Amino acid sequence: MSLLERLKSHFLSHLIICYVFLFSGLIVNLLQFCTLPLWLVSKQLARKVNCRLAYCVSSQMVAVLEWWSGTECSLYTDPKSYPLYGNENAIVVLNHNFEIDFLCGWTFCERFGVLGSSKVLAKKELAYVPIIGWMWYFLEIVFCKRKWEEDRKTVAQSLQNLQDYPEKFWFLLYCEGTRFTPQKHEISMQVAESKGLPKLKYHLLPRTKGFWITVQNLRGTVAAVYDSTLNFRNNEMPTLLGILKGKKYHADLYVRRIPLELIPEDEAECAAWLHKLYQEKDSFQEHYIQTGCFPSPIVSPPCRPWALINWLFWSCLLLYPLGLLLVQLISSGSMLTIVASVTLCTAGSLAVRWMIGQTEINKGSSYGNKETPRNKN
Ligand SMILES: CCCCC/C=C\C/C=C\CCCCCCCC(=O)SCCNC(=O)CCNC(=O)[C@H](O)C(C)(C)COP(=O)(O)OP(=O)(O)OC[C@H]1O[C@@H](n2cnc3c(N)ncnc32)[C@H](O)[C@@H]1OP(=O)(O)O
Ligand SMILES: CCCCCCCCCCCCCCCCCC(=O)OC[C@@H](O)COP(=O)(O)O
C-alpha cells in the first residue's frame, strides 16, 4: 500500500475532511441566513449570492469525488447537443439505482458550470438534513411529500417561482420516486402489469405526475429534457463512505437531449411518453450490461479546478484555528476541557455519519414498498 493510499484510508484524514465540511457548511448556512434582508431589496441579487454560497458546499463533495477518490466520469452523448449543455435550462431525468448518483450528477453540473444553481424535486425529509437541506431552502429547491393531494399545489407553486430565475439551472427529477431495491422493483412491476405496461428490468415504474407538473410549469423556462442514464464500470455499487475512503470508481453517463416541444401537453399522453422513455432507458442499460458502453460517442467535459481551489481555501481557513486550539488544549492540561472537546468531536462525527446515512439505500424510506392507491385526480 502506497503512502497516498494509506493517507486516504486513514481515519484521521476522514475526520479532517468531515470537520472542514461541517464547519464551512455551517458558516455558509449562517451567511445564507444573513442574506434574508437582501431578498426584500433585490431578489435576483439574493439568488445569485445564494448560488455562489451553495457552490462552496456542494463543490466540496464534488472535490472529494474527483480529486480525493479520483473517480472518473465519462459522458456519452450526441456531439451536436454538447455545446448546449450548461447554456440552457433543462430538466434532467435520471435513474435512481446508486447511493452516489446525485453526486455524479453534481460532478456533471460542476463541469458545465451550473452546480451552484441546480435544483431537484426532493423528498421533504431532506429539507431537515443540516447544511445541505438548510442550504437548499435558500436555493429554492422544490420539496414534495410524495402525497399527490398535497404536492400538486405546493410543487406547482415552487416551480412557478423558478420562471424568472437569474442563473442557468438544471432541474433533476428522479421519476422512479425512490431508490431501486429488489422488493420495490417487484411491487412496481406488479403495478406495471396491472396497468398493461411492459415490465422494466433495471428501473422502477416511473411516477408520472411529478414529471407532467414539472414540464407544464417550466414550459417557456427550460429548453429541453436531458434523458440521463447512469451506470458504473465493473458492476460496482459505489458508496459515499467508499468515496471518503478514497476508493476510485468509473461512472458512465448517457445523455440524450430532447427538446421540450416534443413532450405532449395532455397529462395522459405525457404519462405514456414517460413510460416509453423508461422502456428505452431500460434497453440502454441492457446494452451497457452486454457491451460495457452506451450507444453514443464519448465526449469528455474537462474537469475544472474550482472545486479543488474552494476545498483548499476552506481547509486552510479552518485547519489553522483547529491546530491552535489543539495546542492550547494539550498545553492547558485541564481534564474538563479535554473531555468537553472529545465529546464535541464525537458528536460532530456522529452527526456526519448520520448525514452519510441519508445516502444509504438500506436506510432508505419504505415508499414504494407497497402499492399506493390510484389517484382520483
Ligand atoms: C446528469 C446531470 C444531473 C444533474 C443534476 C442536477 C441537479 C442536482 C441537484 C441536486 C441533487 C440533489 C439530489 C437529491 C436527491 C433527492 C431526490 C429525492 O428526494 S427522490 C424523491 C422525491 N422525488 C420524487 O418522488 C419524484 C417522482 N415522483 C412523482 O413524480 C410523484 O408522482 C409525486 C409528485 C411525488 C407524487 O407522488 P404520490 O406517491 O403521491 O403519487 P403518484 O401519482 O406517484 O402515485 C400514485 C400512482 O402511482 C401508481 N403506483 C402505485 N404504486 C406504485 C409503485 N410501487 N410504483 C409505481 N407506481 C405506483 C398508482 O397506480 C398511481 O398511478 P396513476 O398515476 O396512474 O393513478
Ligand atoms: C466533503 C465530503 C464530506 C463528506 C461528509 C459529509 C457527508 C454529508 C452528506 C450529506 C448528503 C445529503 C444529501 C442527501 C442526498 C441524498 C439523495 C438521495 O439519494 O435521497 C434519496 C431519495 O432520492 C429517495 O429516498 P428513498 O425513498 O430511496 O429513501
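## Aromatic pairs

A search of the whole structure, which is a predicted model, finds 19 aromatic pairs. Rings of Phe, Tyr and Trp (its six-membered ring) pair if their centres lie within 6.5 Å; planes under 30 degrees apart count as stacked, over 60 as edge-to-face and the rest as tilted. Y82 and F112 make an edge-to-face pair, with 5.6 Å from centre to centre and 70° between the planes. This pair links distant parts of the chain, 30 residues apart: Y82 is in the loop between β1 (72–77) and β2 (90–94), and F112 is in the loop between α5 and β3. Helices (H or I, at least four residues) and strands (E, at least two) are DSSP runs, numbered from the N terminus. Y82 counts as partly exposed because its relative accessibility is 23%, whereas F112 is buried at 12%. Buried means under 20% relative accessible area, exposed over 50%, and partly exposed in between (1.4 Å probe, protein chains only).

W170 and Y226 form another edge-to-face pair, at 5.7 Å centre to centre and 80° between the planes. W170 belongs to strand β5 (residues 170–173) and Y226 to strand β6 (residues 224–232), so the pair ties together parts that are 56 residues apart in sequence. W170 is buried at 8% relative accessibility, and Y226 is buried with a relative accessible area of 2%. Elsewhere, ring pairs join Y76, Y254, F284, Y288 and F294 into a cluster.

Oxygen atoms of ligand 2 lie 3.0 Å from an N or O atom in the side chain of K123, 3.0 Å from a polar side-chain atom of R146 and 2.6 Å from an N or O atom in the side chain of S365. The protein covers 96% of the 760 Å² of accessible area that ligand 2 has on its own (Shrake-Rupley method, 1.4 Å probe).

## Two buried polar side chains

S117 is placed in the loop between α5 (101–111) and β3 (119–123). S117 counts as buried, at 3% relative accessibility. A polar atom of the S117 side chain lies 2.6 Å from the backbone oxygen of K168. Not counting residues up to four places away in sequence, S117 touches C51, Y165, E167, K168 and F169 (heavy atoms within 4.5 Å).

K281 lies in helix α11 (residues 267–291) and is buried, with a relative accessible area of 0%. The side chains of K281 and D227 are joined by a polar contact of 2.6 Å. A polar contact is a pair of N or O atoms within 3.5 Å; within protein, one must be able to donate a hydrogen and the other to accept it, and residues adjacent in sequence count only if both atoms are side-chain atoms. Leaving aside neighbours within four places in sequence, K281 is in contact with V93, L94, N95, H203, D227, S228 and T229.

## Conventions

Residues are numbered from 1 along each chain as its sequence is written, chains are lettered from A and ligands numbered from 1 in the order in which they are written, and side-chain values use heavy atoms, with hydrogens and water left out. In this predicted model, local features need pLDDT of at least 70 and side-chain atom pairs count only at pLDDT 80 or more, while totals for chains, interfaces and linings use all residues.
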